[in-house]
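Please read the following paragraphs with the model open beside the sequence, turning to each residue as it is named.

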Amino acid sequence: ARATTMRLTACACLLLAVLCAQIRAIDTFGPRPRPRLYAKPHLPPHLIAAERALKELAPGGPAAAGLLSDGIWQAPGADPVAKKSLDGTRAGAAPPDDGSCDASSEVGSCDAPSGENATPSPETTRATEKETNLKKYEEYFLRYQLTDRMVKAAAKPDENFRDRKFIWEGADHPTSSGISERRSASASDADETQSESYQAEIDSDGGGSSSDQVATSDGRPEAVDAYAAAEASMLAEVDGSSSDGSSSIVPSSPIAEEINGVDDAAKEMMTQLRAEARAYVNPQTGKGLRWGDTWRHAWGGGVGVGRPESRPRRFAADGTTMIMPAATDKGYALVPTSSDKRALEEFYDECNGIRWSVQRNWGVGEPCANNWHGVVCTGGRVTQLNMNLNNVACWGELNLTALAKLDELLYLDMSDNLFSGEIPNELFSMTKLQTLALSSNRMTGKLSKKFGRLTNLRHLDLSANGFHGALPKEMGKMKSLEVLYLGEAGLEVKNKFSGKIPEAWVGMKSLQRLSLTGNSGVKGKFPTWIGKLQNLEELTLSNTGLLGEIPESIDQCYNLRTLDLSNNGLTGAIPEGITRLGRLKHLKLRGNKLEGGVPPGIAELRELESLDLGSNKLTGKLPEKFEGLTKLEYLDVSRNDLSGELPKVLPRIPSLRAALLNDNSFEGQIPGDYFTKLPLLMHLYLDRNKLEGALPGEAMATAKMLKEFHASFNKISGEIPKDIGRLPRLASLQLRRNQLTGEIPPELGDCPELARLDLSENKLSGRIPAALANATDLAEIRLGVNRLEGPIPNELESLELLRALVVNNNKLTGTIPPWLATHPCLRDSDLSSNRFHGRLPETLWDPHGDDGEGGVGRVPFLPARHDRSAGYEERNINLGLNPLFCPLPDWADEVHATCRQAEIKTISPSSGPAAGGTLVTVTGNNLGAGDEDSGCLFGKEKDSVWVPALEASDSKLVCESPPKHPENHKNAVVLRVGHKGEAITRFGELFRYT
């Protein structure tokens, strides 16, 4: 058994390793996609306090027992508010300083320091309040009647007491509460673990019972003060059961109680209350009833939907309406009515809410209690509104008139919707906003100087819109701003900010992420003051108009994780200051005019994951110290002027997944170590260098993760290794314009993920392997400018994803495949400059199709598919410079078809007996290229006799003469060359019967 367990554990570890490798293989190129950076807002203390209060008001909470009868709630740690207890004393008052405190004193009575102005500690205040609450429980227990279940349990006779009587205060007979049976403690605990709005932030504020308890061995909370210990003991008694299986809600020995005179009313009351707290069950879900459940809507009421007007109400100072429970209510606590409801209803009307993609619960009951879609509440107030990707068109323009009335709104996400227009002025009155996301819309106009008023704003995302104009320097007053995104292009519009980046932005001391990418109008030199923003973690200024050199002061931004300055006009050398950014993960400097060598100091960036230096003017070699980049996954030094052999340091970076070395001056052979020592390598680009020699086939077969291998425009020679067919993940093989010879290995069809195959402009010979059809993902086959022979395999028609077939400038023969215009995906077909013959297939022409110029007839469109409609995408077919049979149809120009007229030079013999059987040899030009459907026609056009050729080539046919027709009174007939029974020669030669 132990060996089996070990084997299973080993298998599980192996599967986990493979899964991790699969996950890490995703998004190899460059940095990972940027996550949503709109963090949850920082909640003010009064909302946290209100949220705690609402939890106490929830069904089964302390408020159900009348603990908040005075309506006062305070946050933990604040100055205690004196409350009158039932005995007339003041809760929280300092204990008497008369030395009367001893071990027998009451819990909490001696915890406060002595002195007239002494302030009790929070622990003393809490213990005192618990003691006061205990007396309130006693009052609650005496004031209200027990449930039938407790009555039956308490009145159950036993062997020690045959006829016990109970006296109930307030009524002669208890009434049933109608509460369902208590659920198990585990189910209740499971519900309690469900997080609410910012549970961690609320619970870590210093309140709650978590700081006063520790866990025991059986998982139950163990109290650390006397009161909590008694409370935990009673909880254990409620959850436990006696030896005979009966519940221990009431004392099992009533006579002993009377003899000892112990008053367990409070203990019994707390036991019952805890049982009742777990008895609230939502009948639809079977889970505990929570504040906001709406299952009674169909009955005209329920938790969170308010009460009839006959219910008493209490109005709080902040506008919150508390609906008090009536005496006949069973199991309902106080229910808050949000003061933000009307503002949300106005927003729903102003922004055409009926057309939203999701409208869940909008207009039903209260927004906080009934979980309106996108609405997040804290303390009964709306603090977040998430309308991302919800078709909130707002009748064309964004309208914030209603939302400006939400005076506790901290988080507003309206990104990826359809509204346009300028930013409304109402926005600048929402000074409590911490997050504003309006990205990916169609908004226009300039940015207002009033943005400087939003000093609490932490996240501002206006990317992928149509804003323009200068960047307001007043935004530098936003000292709390952490994320500022003003770049990126949307589907239809893009921002076009212009001018310099204001130096006043140096006031954004909290800024962590800044993106202006795509704003080509942002000009000027690279800002030297950027080093003062020492909290920056992301600086993305790609595709702008920045000029000049990168300053050495960039090293002052020592928190940078992402530096993207690509596609600008930056000049000079890569500064050494970049090499001192020890936390840098992503460095992108491509598309500039940087000169010099690659700084060896980059090898000191131990956290670097992606390095993009492509499309510059860098020279020299890669430093050998790069082997210290143990986390590097993506390396792009393409389109530079690096020279020498391929860097030998790369195989010593085992984390490497993509190496883009194309468009340089590297020489020599491709090292096998690139495949054997880089187990994670997925993308290798070596195009347009000066590489030579043969491909390392056996080494390539070990690169099981390789997806793309591009080595076009080099001088690679030899044959294509058959071992390439053993690459299970190869998707793109491009070896164009090399000096490869031999045949195309059929083993390439064994690559199950092969999608692109480009072997054009080499010296390949032989036939196109029909086995390529086994690679069912093939989408592009490019074999032009080689020496290939034979026909195009009909098996290629089965490639459902094939969209390009390019075989021009070869020696291919046979007829034109009729499926070129019927294949569901084939868009580009180039069969020009070959030796195809025969007639044009009628499938290449749709005589009823609209030609777009008012006429009819066209090459058939690609059929409808999930990503395109019918009649949307045209096919491109090129059949030029092939010796097709003449005459061609009128539409032949649409496929660039050409023909070569067949000509007969001689026939031998030119006569034969009338009984037939003479073998006639026909010589000439373009006589059918040896096709099996070639033959001879004897006689006139209407009365001719078709005779298949016994031997056929492009210049010679051998046919057997038929017997003379009885009705033919002449001794001579015209002999012509034909194809499938139709003449392909305009003129013929006479054959005489003797």
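Are Phe991 and Tyr993 buried or exposed? Both Phe991 and Tyr993 are buried in this model, which is a predicted one. Their rings form an aromatic pair of the edge-to-face kind, with 5.5 Å from centre to centre and 90 degrees between the planes.

The chain as a whole gives the setting for such details. The protein chain has 994 residues, of which 47% count as buried, and it contains 12 helices and 57 strands. Among its contacts with a separation of 6 or more, 58% are between residues 24 or more positions apart. The accessible surface of the chain comes to about 47900 Å², and carbon and sulfur atoms account for 50% of that area.

One part to trace on the screen is an open sheet of 12 strands with parallel pairing, whose order is E21-E23-E25-E27-E29-E31-E33-E35-E37-E39-E41-E43. Strand E21 (547-548) and strand E43 (811-812) each have a single partner strand and stand at the edges, so one side of each is left without a neighbour in the sheet. Within this order, strand E25 (residues 593-596) and strand E27 (residues 617-620) are paired in the parallel sense over 2 bridges, and Glu595 has Lys617 in E27 as its bridge partner. In general, the strands of a sheet pair through backbone hydrogen bonds, in either a parallel or an antiparallel manner.

Antiparallel pairing can be followed around strand E50. Strand E48 (residues 903-908) runs antiparallel to E50 and is joined to it by 5 bridges, with Ile907 standing opposite Val922 in E50. E50 also pairs in the antiparallel sense with strand E54 (residues 956-960), again over 5 bridges, and here Thr923 has Lys956 in E54 as its bridge partner. The two faces of strand E50 (residues 919-925) can be told apart: Val920, Val922 and Gly924 make up the covered face, while Leu919, Thr921, Thr923 and Asn925 make up the uncovered one. The largest nonpolar core has 162 residues, and the members that touch the most others are Phe347, Phe451 and Phe709. Two or more residues of this core come from each of helix H10 (341-350), strand E8 (375-378), strand E9 (381-386), helix H11 (673-676) and helix H12 (697-700), and the largest share, 4 residues, is given by H10. Apart from this core lies another one, of 19 residues, which includes Ala902, Cys936, Val947 and Val973.

Phe347 can also be followed through its contacts. Leaving out residues up to four places away in sequence, Phe347 touches Trp356, Trp362, Leu385, Met387, Val392, Asn399, Ala402, Leu403 and Met414. Ring pairs link Phe347, Tyr348, Trp356, Trp362 and Trp372 into a cluster. The whole structure holds 12 aromatic pairs, and one of them joins Tyr348 and Trp356 edge-to-face, at 5.2 Å centre to centre and 75 degrees between the planes. Trp356 has a relative accessibility of 3% and so counts as buried.

The charged end of Arg688 sits over the ring of Phe713, at 4.5 Å from its centre, and Arg858 lies over the face of Phe861, 4.0 Å from the ring centre.

Some backbone details remain. Most peptide bonds are trans, and most residues other than glycine have a negative phi. The peptide bond from Cys886 to Pro887 is cis, with omega near 0 degrees, and Pro887 is found in the loop between strand E47 (876-878) and E48. The bond from Ser908 to Pro909 is cis as well, with omega near -10 degrees, and Pro909 is found in the loop between E48 and strand E49 (911-912). Asn391, in the loop between E9 and strand E10 (411-413), has a positive phi of about 55 degrees although it is not a glycine, and at 27% relative accessibility Asn391 counts as partly exposed. Val785 lies in the loop between strand E40 (780-782) and strand E41 (787-790); its phi, near 55 degrees, is positive too, and with a relative accessibility of 38% Val785 counts as partly exposed.

Methods:
Residues numbered from 1 in each chain as written. Predicted model: local features only at pLDDT ≥ 70, side-chain atom pairs only at ≥ 80, totals over all residues. Heavy atoms only, no water. Pairing = 2+ DSSP bridges. Core = buried A, V, L, I, M, F, W, Y, C linked by side-chain atoms within 4.5 Å. Buried < 20%, exposed > 50% of the residue type's maximum accessible area, 1.4 Å probe, protein only. Contact = heavy atoms within 4.5 Å. Areas by Shrake-Rupley, 256 points an atom, 1.4 Å probe, with all protein chains shown as cover. Phe/Tyr/Trp six-rings, centres within 6.5 Å; stacked < 30°, edge-to-face > 60°. Lys NZ or Arg CZ within 6 Å of the ring centre and 35° of its normal.
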